[in-house]
Amino acid sequence: EKILPKYKLFVTQESSYESIILRDISRTFTAHEKFRDSGSDQQESLFRICKAYSNYDSEIGYCQGLSYLIAALLLNMPEEQAFLVLIQIMYRYGLRDLFKSGLENLHCKFYQLERLLDEQIPELYCHFIDLHIEAHMYASQWFLTLFTTKFPLNVVFRIIDLFLLDEMDVILQIALGLLQMSKNDLLALDFEGIMKYFRVTLPKIYRVDDSAAQLIKKSIKINVKVS
């Protein structure tokens with residue numbers, strides 16, 4: 001209630017991030033009918049929210065890739081509500097903490113993911129160690145944008161629902177679920193093959209609803225408390 005009346009002010013204020021935001025918007029959900037056309041109503045709403053947030057949160061401003069998360073919210077709710085939910089995700093749920101202090105908190109999450117990988121999928125952990133593959137090479141966007149940059153929307157919406165329920169642990173659960181379900185494929189690949197697999201192959205697998213449902217069902221059972 002305190003923030004909403006200020007939304008129009010944040011929208012009208014100039015932002016030093018406008019050129020970055022515009023560049024990001026042109027790349028966001030380009031295959032989706034609501035974001036495909038330059039200057040569409042949804043693209044305009046997306047720009048306004050990105051700009052407003054950059055003015056609202058002067059410490060973080062606008063972070064590259066955030067447009068995907070905002071676009072996912074816009075596909076489920078009106079513009080002003082999407083702005084308010086974004087603020088809750090960033091502040092109450094702690095997503096903005098990952099962008100602070102030289103990404104120190106993000107690297108803590110990478111460390112936690114690698115410890116969990118060592119505990120729960122040791123064979124894959126050793127394979128990654130042998131190939132010098134570290135969590136930041138494949139999981140950065142998983143944490144920073146809640147999987148929205150690469151994965152199909154049928155998965156993204158379920159992940160955001162779970163995130164709003166159980167917060168940051170969900171990202172670790174989904175990450176481990178993806179690694180567990182792809183273990184055999186990843187063990188058979190070299191460095192370049194694994195990087196391409198994460199970038200191209202993995203998101204395609206979850207376009208199928210049955211695969212998406214299986215991922216969610218498996219992930220929510222995973223214990224992400226490091227022993």
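Helix 8 (136-144) and helix 12 (191-205) each contribute at least two residues to the lining of the largest pocket, where helices are DSSP runs of H or I of at least four residues, numbered from the N terminus. The model is a predicted one, in which local features need pLDDT of at least 70 and side-chain atom pairs count only at pLDDT 80 or more, whereas totals for chains, interfaces and linings use all residues. Residues are numbered from 1 along each chain as its sequence is written, and side-chain values use heavy atoms, with hydrogens and water left out.

The volume of the largest pocket is about 260 Å³. A pocket is here an open set of points on a 1 Å grid over the protein atoms alone, where a 1.4 Å probe fits, with protein on both sides within 12 Å along at least five of seven lines; lining residues have an atom within 4 Å of a point. Grid points are joined across faces, edges and corners, and the volume is the space filled by probe spheres set on the points. Among the 14 lining residues of the largest pocket, M137, Y138, Q141, K150 and R199 are the closest to its centre. Helix 8 provides the largest share of this lining, with seven residues. By class, the lining of the largest pocket comprises eight nonpolar, four polar and two charged residues; Ala, Val, Leu, Ile, Met, Phe, Trp, Tyr, Cys and Pro count as nonpolar, Asp, Glu, Lys and Arg as charged, and the others, Gly among them, as polar.

For the second largest pocket, the volume is about 210 Å³. Its lining includes R27, F29, H32, Y68, K150 and L153, and divides into six nonpolar, four polar and two charged residues.

F29, one of the residues lining the second largest pocket, is located in the loop between helix 2 (18-25) and helix 3 (41-56). F29 adopts a positive phi of about 45° although it is not a glycine, and counts as buried (under 20% relative accessible area, 1.4 Å probe, protein chains only) at 12% relative accessibility. A positive phi, of about 55°, is also found at L146, likewise not a glycine. L146 belongs to the loop between helix 8 and helix 9 (153-166) and is buried, with 0% relative accessibility.

Helix 8 also packs with helix 10 (residues 169-181), at an angle of about 140° and with the axes 10 Å apart. Helix 8 is therefore oblique to helix 10.

How values were computed:
Buried means under 20% relative accessible area, exposed over 50%, partly exposed in between (1.4 Å probe, protein chains only). Axes are lines fitted to C-alpha atoms, for helices over the stretch in contact, and angles run from 0 to 180 degrees between N-to-C directions. Angles under 35 degrees count as roughly parallel, over 145 as roughly antiparallel, 65 to 115 as roughly perpendicular and the rest as oblique.
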